[in-house]
Every structure is written in C-alpha cells, then in structure tokens.
Amino acid sequence: MNNVSVRHLTKKYKDFTLEDVSFDVPAGCVVGFIGENGAGKSTTIKSILGLVNPDGGKIQVFGKDAAALSKKEKNAIGAVLGENCLPENLTLRDVSAVMRLIFAGWNEQSFFAYAEKFALPEDKKIRNFSRGMQQKAALAVALSHGAELLVLDEPTSGLDPVARDEILGFLYDFMQEERRSVLISSHIVTDLEKLCDYIVFIHGGKIVFAEEKDALRERYGIFRGSAEQVAALGKDAVAAYIRGDFGMSALVDRQKAGAGVALDRAGLEDIMLYYARGERV
Amino acid sequence: MKGTLLKDLKNLKGQLLYYAFLVVVFFVVGALSGNLYFYVGLSMFCGAVAPVSAIAYDEKDNWDKFALASGVSRKELAAARYLLGLLIFIPVWALSFVFFAIPAFRTQENLFAVLMFGGMGLIVTDVVLPLVFRIGVEKARAVYLLVVLAVMLLSVGAASFIELIGGDPAFIGVCLLFAAGVAGVFVSFVVSVGIYKRKDF
C-alpha cells in the first residue's frame, strides 16, 4: 500500500512548470526527494499537503484523493516545511496549548519529552531560538500528534552534523512501525543516503528517476577517461558526462557498459550532479 | 479554527493590552469632555486592526502553510480572522452604550452616532479583510490608509447629516448603514473564503 501516490502532477507558474510528476511513497518506507534549488521539490510537497492548487494530475494520500482528506486524516500527516512555521511570539508551552486544539491526537507528554531531548527551553519565545532549534521544535510538533506520514521539506538544513544525525535517529525510531512513511527532501544527500529506501530525483520540474536507493547504487558507476573512451562505451551505457580539464568523467550504467569496464562507485550526490549538470550523449 | 484563534490571542497579547489601554483612555477622555465621537471614532477601527496584525504575523511565521498542512481548512482560517475582529470590535463598540448611563449623553443624536459608527466599523472590517487576503498585508497597508481616510470623511459627513436632518430620516439612515455593515460581514466572508480557496501558499 502507498501512503502517498502522485500521478502526472502538473503545476504551471509564470516562470516554472512542474510537469508530469509521478512517484509513490509506500507504507514502511522512507522516500528521499532530491533535486537542486528551484527543481520543484517544494511545489510537489506543497501540492501533496494541499498548499497549492495543482493544474493537473492526481494525488492520493492514505489511498484517498488528497483534496478530500478529512480533518482526522490530515491530522495523521506531520509536516515540517523548511522555513519556520511556528509562531515566533509563542513559547513551547503556548505552542502545545495551540496544538491541542489543532490535533485530535496531540500528545503533550511526548512533545515536552522531545523538547527535552532536543534541549529546547519551554519558556523561551521561538523567535529567540536558533534556526536549528526552530527546526527541532517543528520536528517535535510533527512527531507528537500520532502522525502516520511525515512530510519533511529540508528538515535538516541549518543544522550541524551532530544535530542532523540526532534527527535522523528520531526518524529511524518513527519508522519502527511498518504502516508509517516519511517523504523527506534535502540538499544534504548524505543524510538521505543513510536513511532512505527510495530516491526520487527531480530536475527542471520533471522526475528524472524514482528508484530504490540500493538499485541506484548498483546500477551506476563513474567512468573516467578520454572523450573517445567515453564515446566507445555507447549511447545506451552513458547516462551523462562532464568535461574536465584532464578528460571526461561519465555516469555509466554498469550492466550496459559491460563487465570489463573499470568504474568508480557512484554515490547519490554523484548521480544527482551528473543528471543536473552533465551533458547527454 | 479554535487553535488559530488561540494562537492569534497569544501572539497579539502585548498589542491587545495596548489597545485595551487606548480604549480606556479614549473612553475616559470622551466621557470627561462630553464628546461621544471621540470614543466611537476609535471603536470603528478596532475590528480591522487586530486581524490585520494577526495576518501580518502569520505571513512572517508561515502559519497558514502549517495550519493547512495540519487539517485546518481554508474556510476555518478565514473565519478565525473574522471572529478575532468581531471579538474585539463588538465589546469595544458595545462599551459606547455605557455613555448613556451619564444623563448628559442621553440624546437621540448620540444614539444615532453609536449606531452609525457601529455600521462604519463593520464596513471597515468588511472591506479591509478580503483586500488583505488578496494582496497581502504589505501591499494592503496603503489601501487600508485610504479606506480609513474615506471612512473618516464619510463619518464627518454622516455626523453633519444626523445633526441637520435628525428625527426619523436620520434614524432610518443609520439603521440602514448598520444593517449594511452586518450584511457586509457575510458577503465579505464569502469573498474571503473564495480568495483563500484559490490562493497558493
């Protein structure tokens, strides 16, 4: 079962179009959503959450049309939306009082337990929190109302490596129940590499691939050589290449390149870089 | 809606105390100077000021995005702002009737003035809120000032009208104005919900 299913999503702006975006977020899985700035990650996430009105396509959440979700079903989504979304004049105590009226399943105990784990002061106004603390406070809210699906837009941006690792730990804990899912977008691809089961890569408003993380790693390798050597690999084998000062490097499909070709390991960041910046054969 | 309303009240706590102080000062000065217009003129803007401030905070805090993602509907978000405006406007305006406890204030002209400014106050809220929803607080500020200016000129004109005409025609006039303000709340709310539904956050 998919907790989120996006099919042929389209959204047109004056200077940008999200085009034919399709992917799934299966139950029990963490799906990483990657792409450069302005690729369409946030627009897709906002469409799933009902913050923008799509021009076409279909979005289902928990097997139901996203626009027709009841309040209770929407309450089962925990969202962290990049920038701070909590009222800056409020303290965490105030936030808890407000959230009690917004989420039927609000768990105050759990919220303050997360606040303690994240070392967030209860009586300090949110505007006096650092950016990292604000992100943690938003995550504490998302984890404290019985959410089955977490939709996180850049939740680790602005955090130091220790704090990022801490947050990834909480997401691991969240995923201990099989029906739950996480859709997480991040610029920090190494975080997603640790956490995700699937990777969805968006570039220029279009999905480049939506695949299992391990399959991606197995499929691709990096070839380094001359322009002639890259050309010799064949059009089918080379996904994209980048010209350097001392030759070329190419993202190559291992199977199509054949067994005798020496390839370096391709990480998610490499794959993203080649697809975003590389040239096609 | 209740969550958004509580958030607004907590967010605006400092400002609300300041408004309460102003209300007391204007009330006392109005009572001591024997000039009811001094107070009712202030009450006219109370219905719009607090929701506009609340919306300004929300734009900065991205509250609408969070609320919509969490199951608060667009209609509820719009309703919370109207409710906040009315929760402040109605008591402040209703306080005008306390002036009638003082014998010197018990005139037909003063009663008409209270009704007239009540209607005007509602009309200010009815016009300003959809505008703010449509173009945002920053852009709406200039228009808001024009609305304030227009309403003040209108008030002076209407006050002179009451004084000149008096009697039944004036009473019918202020009742119609008040009714327009009340009916306008519903029309304005429907327009605001329509704006909210089309809006991308």
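**Figure 1. Lining of the second largest pocket in the predicted model.** In this predicted model, α4(B) supplies the largest share of the lining of the second largest pocket, namely three residues. The elements of chain B that each contribute at least two lining residues are α4 (46-61), α5 (63-69) and α7 (108-165). The volume of the second largest pocket is about 170 Å³. Its lining consists of B:I55, B:D58, B:E59, B:N62, B:D64, B:K65, B:V132, B:F133, B:Y196, B:K199 and B:F201. Sorted by class, five of these lining residues are nonpolar, one is polar and five are charged.

**Figure 2. The largest pocket and the elements around it.** The class composition of the largest pocket is nine nonpolar, eight polar and six charged residues.

**Figure 3. The largest cavity.** One cavity of 30 Å³ or more is present in the structure. The space within the largest cavity amounts to about 30 Å³. Chain A contributes A:A79, A:V80, A:L81, A:G82, A:E83, A:C85, A:Q135 and A:A138 to the lining, and chain B contributes B:F66. The greatest contribution is that of β6(A), with three residues. In terms of class, the cavity lining comprises six nonpolar, two polar and one charged residues.

**Figure 4. The interface between chain B and chain A.** Contacts across the interface involve 25 residues of chain B and 30 residues of chain A. Together the two chains bury about 2,400 Å², and 56% of this area lies on carbon and sulfur atoms. Four salt bridges are counted between chain B and chain A. A close-up shows the salt bridge in which the side chains of B:K10 and A:D94 meet, with an N to O distance of 3.1 Å.

Figure 5. Residue B:A170 belongs to helix α8 of chain B, which spans residues 167-198. Because its relative accessible area is 0%, B:A170 is classed as buried, the cut-off for that class being under 20%. With neighbours within four places in sequence left aside, the residues in contact with B:A170 are B:F112, B:F161, B:I162 and B:I165. The view also includes B:A159, which is eleven residues from B:A170 in sequence. The C-alpha to C-alpha distance between B:A170 and B:A159 is 9.8 Å.

Note on methods
Residues are numbered from 1 along each chain as its sequence is written. Chains are lettered from A and ligands numbered from 1 in the order in which they are written. This is a predicted model: local features need pLDDT of at least 70, side-chain atom pairs count only at pLDDT 80 or more; totals for chains, interfaces and linings use all residues. Side-chain values use heavy atoms; hydrogens and water are left out. On a 1 Å grid over the protein atoms alone, a cavity is a set of points where a 1.4 Å probe fits but cannot get out, and a pocket is an open set with protein on both sides within 12 Å along at least five of seven lines; lining residues have an atom within 4 Å of a point. Grid points are joined across faces, edges and corners, and a volume is the space filled by probe spheres set on the points. Helices (H or I, at least four residues) and strands (E, at least two) are DSSP runs, numbered from the N terminus. Ala, Val, Leu, Ile, Met, Phe, Trp, Tyr, Cys and Pro count as nonpolar, Asp, Glu, Lys and Arg as charged, and the others, Gly among them, as polar. Buried means under 20% relative accessible area, exposed over 50%, partly exposed in between (1.4 Å probe, protein chains only). Contact means heavy atoms within 4.5 Å. Buried area is the accessible area (1.4 Å probe) that two parts lose on being put together, summed over both.
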